[in-house]
Amino acid sequence: MSKAQPGMSMERADIAFEVNGAAVSVCVPPVRRLSSVLRDELRLTGTKIGCDAGDCGACTVLVDGEPVCACLMSVASAAGTVVTTVEGLANGRLSALQASFLDHGAAQCGICTPGLLIAATALLDREPNPSETEVQDALGGVLCRCTGYRKIVAAVMDAGRFASELSTDGIAPHPPAGTFSPYSDGEKDEAPALASPSPRLSRGEGKGEGQHQLQRLDLDLDRRMPISGHAVGSSPIRLDGLPKVTGGEKFGGDSFPADALAVLVVRSPHHHARFAFGDLDAWVKTRPGIVGVFTAADIPGKNSFGVIAPFADQPALAEGFSRFRGEAVALVAGEREAILDLDLSDFPVRWTELPYLLQPCEAQAGGAQLIHENRPANLLTTGFVERGDPEAALSGAAFVVSGAIDTSYVEHAYIEPEAGHAYMDGGTLVVVACTQAPYMDRDDVAKVLGLAADKVRIVPTATGGGFGSKLDVSLQPLIGLVAMKTGRPAALAYTRNESMISTTKRHPAEMKATIGADADGRVTGMVFAGDFNTGAYASWGPTVANRVPVHASGPYATPNYRAEGRAIHTNGPISGAFRGFGVPQATIMQETLYDELSEKLGLDRLDFRLKNCLRNGSETVTGQRLEAGVGIAECLEALRPHWTRALADAEKFNSANDSRKRGVGVASCWYGCGNTSLPNPSTIRVGISATGDVVLHQGAVDIGQGSNTVIAQICADALGLPLEKFRLKSADTAITPDAGKTSASRQTFVTGKAAEKAGGALREIMLRFANVSEKAAIALDGTSLVIREGEATRHIDLSTLKADADGFVFRAEESYDPPTLPLDAKGQGKPYAVYGYGAQIAELEVDLKLGTVKLIKITAAHDVGKAINPLLAEGQIEGGIAQGIGMALMEEYIPGRTENLHDYLIPTIGDVPPIETILIEVPDPEGPFGAKGLGEHVLIPTAPAILNAIRHATGVLVTKIPATPSRIRAAIRDKEAGR
Ligand code: FES
Ligand code: FES
């Protein structure tokens with residue numbers, strides 16, 4: 001709960017050094033972190049803060065040519081040195097490395113990119129052609145949570161092939177000179193206007209061979225397109241890519257107004273406690289620079305928020321009781337320097353620790369204390385699906401397997417902790433912060449602060465990873481409250497610890513299942529029960545409870561089925577949305593049992609899956625008939641040659657080794673895109689400006705996955721105009737229509753469909769205006785709209801047409817809401833309009849004595865319907881796999897013990913093996929250009945494939961996830977002892 005730096009002192013000193021070729025002098029306390037000085041005094045916000053503890057590497061800069069963590073270095077130590085930040089890499093032109101990052105799609109959200117670029121620059125300075133191992137060694141201290149690192153490795157190794165020919169014209173200059181005032185120069189409105197006045201870049205075709213030469217997109221985009229000239233199916237450099245490699249991208253903490261009050265959050269140190277405040281006014285009065293303390297008593301609206309309105313239960317500031325460790329109870333606002341120096345140890349709050357319940361079994365025990373009075377037995381909600389007669393099917397089955405698996409809390413560990421600022425613009429509260437769901441944020445902030453929804457404007461900044469957790473509001477109502485109460489802008493960046501203790505996690509699951517098959521190897525029945533620890537507040541618990549029973553069968557025909565998912569409250573961290581909403585946990589249960597069942601049947605594990613997988617015409621466990629677009633068989637078939645080769649490799653290795661054994665595992669996934677049986681519409685607006693641009697009002701927040709680019713690609717082809725003519729207006733609740741939240745793999749499908757409709761509608765409007773048929777071709781030439789049909793060509797001077805308030809001379813706005821049907825009491829219905837499918841093979845080696853696992857390769861086949869942008873799709877797959885690796889082997893959040901990135905381990909660049917991606921395109925009739933969602937799917941098969949591979953290697957299945965060396969070793973010992 002502290003932002004103060006260790007050893008802060010008000011004594012200042014003049015400290016001079018060189019930054020990016022310019023001499024600078026700052027007058028600051030000498031112990032201040034170099035990272036803080038670079039960002040706050042010199043406004044070089046390209047240097048990021050992910051942990052302030054040397055764990056993430058986001059703050060890496062060069063000091064006298066050597067990479068250092070700027071958060072671990074005092075500014076006094078930098079005196080007289082030469083410092084290079086990411087802003088210094090592009091000297092009028094992008095460096096070859098920056099160009100290579102863009103070309104390879106090595107930056108997704110981009111928050112880690114500056115640190116990686118700096119570390120890689122140091123490597124390339126001494127070794128221009130590094131090996132993969134050298135790249136991994138050099139970049140091992142910089143974490144990335146989005147990409148899975150493979151494209152980063154490729155970009156660094158490939159950098160030598162890029163000519164430094166890229167102009168950075170249009171990029172705001174960064175190199176400092178002289179002394180700067182802190183924060184921004186008082187401009188409050190950091191809302192992006194038309195993004196992308198800066199050059200956008202195209203990427204070379206023939207990736208990996210021949211000349212890679214990047215050029216200005218507006219000069220040369222068409223050359224990069226497939227022969228057909230379509231944007232869909234090509235991989236142009238992401239439209240928002242350039243600032244990610246120059247340090248120009250503004251994340252939540254990068255644009256604080258100069259006059260903003262800094263905010264500290266006082267949080268509960270206990271899992272469950274009663275608290276009372278002392279004399280807050282007296283405490284404030286004795287602290288110069290502290291402006292006020294705010295508690296629940298100051299909240300003018302309803303002190304309760306939540307992503308699912310009927311379950312909303314979380315106070316912005318707790319009232320008298322805190323239900324989990326890290327819960328916010330008060331805010332302290334003050335001048336920035338005063339907050340930096342503030343000691344909260346004597347903050348007037350008295351805590352009375354209360355008994356707490358951390359495990360679902362404790363919370364469900366008879367007589368257990370209720371965490372919410374209105375939720376008997378601490379049960380938040382239950383999801384249920386039943387079809388046929390599972391008991392009869394299991395009792396009549398030729399083979400039956402049963403098992404139980406427990407999983408752990410998993411932390412999202414995005415590299416950007418939550419950050420943002422708020423200010424009053426007349427009577428409107430403006431919140432500028434990282435988020436995945438601007439309209440949901442708006443509604444929750446308005447509710448808590450007692451404002452009408454149209455009196456709250458949410459302006460999303462770039463978001464440095466989300467993966468589900470930034471769907472829930474975090475600091476938005478808190479900074480909004482301070483801005484409203486004080487009339488001053490209010491700014492807050494969570495510390496790493498604060499981010500980890502207060503925001504949501506993946507639900508720990510305790511699961512049991514039984515699956516039966518007939519003698520021919522056809523699955524006849526399955527029963528599944530899962531308890532999901534949803535923590536202190538509801539968040540997305542109801543979604544997990546409902547989504548799991550729909551998906552727990554896997555993408556397999558299961559005629560007799562019962563599945564129940566229960567979300568149970570504890571005093572643990574709040575569990576919410578995390579890539580897959582409980583499906584990754586359930587898939588571990590089902591896919592590991594499938595291996596056991598195929599073994600009993602004497603069937604090859606891949607063949608067994610192919611025999612049972614869903615096909616066109618199959619009915620799902622909810623009774624939904626899938627008429628078309630079912631691509632799981634194609635995914636499994638695509639893996640077959642890899643499977644055969646991998647099994648042979650493992651056998652050969654194992655016959656020659658005793659202490660280390662290789663294993664191969666396979667697992668599948670399916671995932672319904674969008675909300676479960678609930679509306680989730682998206683609206684897209686697109687228009688032609690009088691200046692001859694296509695302006696896309698695109699409100700789907702791009703958290704790194706690429707929606708800014710993908711949705712523009714879809715719209716471009718539907719409209720029939722080239723991508724280079726597009727200008728984006730990014731999400732802003734005052735400007736862009738609601739494109740829903742970035743979650744549940746819905747943006748490519750749902751918002752993409754809205755973009756397809758809007759592009760088509762705009763085209764029709766222009767054709768009608770020109771009185772030509774739908775066969776006509778349109779083009780933009782300066783301010784002319786050129787329309788050709790047959791031999792006839794017509795020019796329409798757009799500058800002579802009357803523009804509307806948005807600057808459009810032609811405009812269209814279209815919405816799309818997936819056609820779903822509600823589930824009945826037995827969970828029967830049509831919960832999703834579109835499903836995506838995938839399957840992965842994991843190859844690994846286990847040291848039988850140590851229990852350690854070395855991954856050798858992951859091969860992933862995913863049916864995306866239509867790869868709108870193959871490079872971005874690959875990036876999603878690699879990133880999801882990396883998170884799946886973490887979930888399988890190392891990630892376990894334990895409140896009170898792993899609340900930082902030192903103790904909580906996520907995969908580093910050395911932990912992700914080569915990944916081979918196979919994109920399968922079985923078009924879905926509903927999706928735009930046949931596309932399906934992808935974001936969640938890609939993580940789901942990884943952990944079960946790894947666990948199955950460990951079992952193949954060792955003969956043991958680890959039933960408590962993650963499968964750490966000690967758990968693997970214990971399982972092997974148990975087997976050896978015959979237990
Ligand atoms: S290592 Fe410096 S911010 Fe994480
Ligand atoms: S791109 Fe690396 S953390 Fe997002």
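A residue is called buried when its relative accessible area is under 20%, exposed when the figure is over 50%, and partly exposed in between. In this predicted model, Phe-275 has a relative accessibility of 7% and therefore counts as buried, because that value is under 20%.

**Aromatic pairs**

- The whole structure contains 13 aromatic pairs.
- One of them joins Phe-275 and Phe-277, whose ring centres are 5.4 Å apart; the planes meet at 65 degrees, so this pair is edge-to-face.
- Phe-277 has a relative accessibility of 25% and is therefore partly exposed, whereas Phe-275 is buried.
- Another pair, formed by Trp-670 and Tyr-835, is stacked, with 4.9 Å from centre to centre and 10 degrees between the planes.
- Trp-670 belongs to strand 23 (residues 660-672) and Tyr-835 to strand 31 (residues 835-847), so their pairing ties together parts that are 165 residues apart in sequence.
- Both Trp-670 and Tyr-835 are buried.
- Ring pairs also connect Phe-275 and Phe-277 with Trp-283, Phe-347 and Trp-351 in a cluster.

**Charges over rings**

- Arg-267 places its charged end over the ring of Tyr-494, at 4.9 Å from the ring centre.
- Lys-470 is found over the face of Tyr-414, and here the distance to the ring centre is 4.1 Å.

- Ser-408 is located in the loop that runs between strand 13 (399-406) and strand 14 (410-411).
- Its relative accessible area is 6%, so Ser-408 is buried.
- A polar contact of 3.5 Å links the side chain of Ser-408 to the side chain of Glu-892.
- Apart from neighbours within four places in sequence, the residues in contact with Ser-408 include Arg-506, His-507 and Pro-508, as well as Glu-891 and Glu-892.
- Lys-960, Ile-961 and Pro-962 are also in contact with Ser-408.

**Helix 17 and its cover**

- Helix 17 (residues 605-612) is mostly covered, since six of its eight residues are buried.
- These buried residues are Arg-605, Leu-606, Phe-608, Arg-609, Leu-610 and Asn-612.
- Among the elements that cover them are strand 21 (523-535), helix 16 (583-601), helix 18 (632-656), strand 23 and helix 22 (942-954).
- Where helix 17 starts, a side-chain oxygen of Asp-604 comes to within 2.9 Å of the backbone nitrogen of Leu-606.

**The second largest pocket**

- This pocket has a volume of about 890 Å³.
- It is lined by 42 residues, of which Val-307, Ile-308, Trp-540, Asn-675 and Leu-678 are the closest to its centre.
- Strand 12 (379-387), helix 12 (438-449) and helix 15 (541-551) each contribute at least two residues to the lining of the second largest pocket.
- Helix 12 provides the largest share of that lining, with six residues.

**Cavities**

- Eight cavities of 30 Å³ or more are present in the structure.
- Helix 19 (707-719), helix 20 (747-770) and helix 21 (870-889) each give at least two residues to the lining of the largest cavity.
- Helix 21 gives the most to this lining, namely three residues.

Notes
Residues numbered from 1 in each chain as written. Chains lettered and ligands numbered in written order. Predicted model: local features only at pLDDT ≥ 70, side-chain atom pairs only at ≥ 80, totals over all residues. Heavy atoms only, no water. Phe/Tyr/Trp six-rings, centres within 6.5 Å; stacked < 30°, edge-to-face > 60°. Buried < 20%, exposed > 50% of the residue type's maximum accessible area, 1.4 Å probe, protein only. Helix = DSSP H or I, 4+ residues; strand = E, 2+ residues; numbered from the N terminus. Lys NZ or Arg CZ within 6 Å of the ring centre and 35° of its normal. Polar contact = N/O pair within 3.5 Å; in protein donor to acceptor, adjacent residues only side chain to side chain. Contact = heavy atoms within 4.5 Å. 1 Å grid on protein atoms, 1.4 Å probe; cavity = no way out; pocket = protein on both sides within 12 Å on 5 of 7 lines; lining within 4 Å. Points joined across faces, edges and corners; volume = space filled by probe spheres on them.
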